[in-house]
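Biologist: Hey, could you walk me through this one? I'd like the overall layout before the details.

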Amino acid sequence: MFEAKPNLIRNPSGYYKRIRHINERGIEMVKSFEGLALRPYVCAGGVNSVGYGATVSRTGGPIDLDMEPISETEAEALLIRDLESSEGWVSRLIKTALTENQYSALTSFTFNVGAGALQRSTLRMKLNRGEV
């Protein structure tokens with residue numbers, strides 16, 4: 001039976017690897033790029049969003065344009081929740097050691113362009129080959 005291990009992912013060889021987290025500087029960087037909207041809006045991609053670009057509400061449903069505005073605290077909580085996916089992808093796709101700031105920058109990059117873009121990127125290939 002599989003036992004869930006918080007903050008751990010299983011790598012291809014079956015060993016667990018701890019998932020790192022974006023640092024405070026990285027979070028502030030994402031916030032500055034995303035901007036804060038406490039009222040729901042339609043983003044440039046045509047998706048209902050709120051806060052720092054959240055497209056899923058705290059209850060797991062879609063963002064409703066008629067919903068009440070959220071607080072800055074709730075916007076940050078949604079951002080942290082949404083960054084977890086990007087953190088996981090960086091941990092899975094980058095096989096070389098990263099500094100805290102490098103990891104945070106790559107998490108921000110992945111949050112903005114998506115895991116597929118990181119996976120296909122020359123940056124990922126160069127990092128994993130030790131060329132950067």
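This is a predicted model: local features need pLDDT of at least 70, side-chain atom pairs count only at pLDDT 80 or more; totals for chains, interfaces and linings use all residues.

Biologist: How many helices and strands does the chain come to?

Modeller: Five helices and four strands.

Biologist: And what share of the chain is buried?

Modeller: Buried residues make up 32% of the 132 residues. The accessible surface is about 8200 Å², and carbon and sulfur atoms account for 54% of that.

Biologist: Which residues touch the most other members in the largest nonpolar core?

Modeller: V30, V50, L79 and L83, out of 13 residues in that core. Both α1 (24-34) and α2 (72-93) supply at least two residues of this core. The most comes from α2, which gives four residues.

Biologist: OK, switching to α1. Which residues are buried there?

Modeller: G26, I27, V30 and K31 are buried in α1. They sit on the same side of α1, because they cover an arc of only 140° around the axis.

Biologist: Why would residues a few places apart point the same way?

Modeller: An α-helix has 3.6 residues a turn, so residues three or four places apart end up pointing the same way.

Biologist: What do the buried residues of α1 pack against?

Modeller: They pack against α2 and α3 (100-113). On the face turned away from the buried side, α1 carries the exposed residues R25, S32 and F33.

Biologist: Where does R92 lie, and how exposed is R92?

Modeller: R92 lies in helix α2. Its relative accessibility is 38%, so R92 counts as partly exposed; the exposed class would need over 50%.

Biologist: What separation do the C-alpha atoms of R92 and Q119 have?

Modeller: They are separated by 9.8 Å, with the two residues 27 apart along the chain.

Biologist: And for contacts between residues at least 6 apart in sequence, what share joins residues at least 24 apart?

Modeller: For the chain, that share is 50%.

Note on methods:
Residues are numbered from 1 along each chain as its sequence is written. Side-chain values use heavy atoms; hydrogens and water are left out. A nonpolar core is a set of buried Ala, Val, Leu, Ile, Met, Phe, Trp, Tyr and Cys residues joined through side-chain atoms within 4.5 Å. Buried means under 20% relative accessible area, exposed over 50%, partly exposed in between (1.4 Å probe, protein chains only). Contact means heavy atoms within 4.5 Å. Accessible areas come from the Shrake-Rupley method with a 1.4 Å probe; for residues, only the protein chains shown count as cover. The arc is that of the directions from the helix axis to the C-beta atoms.
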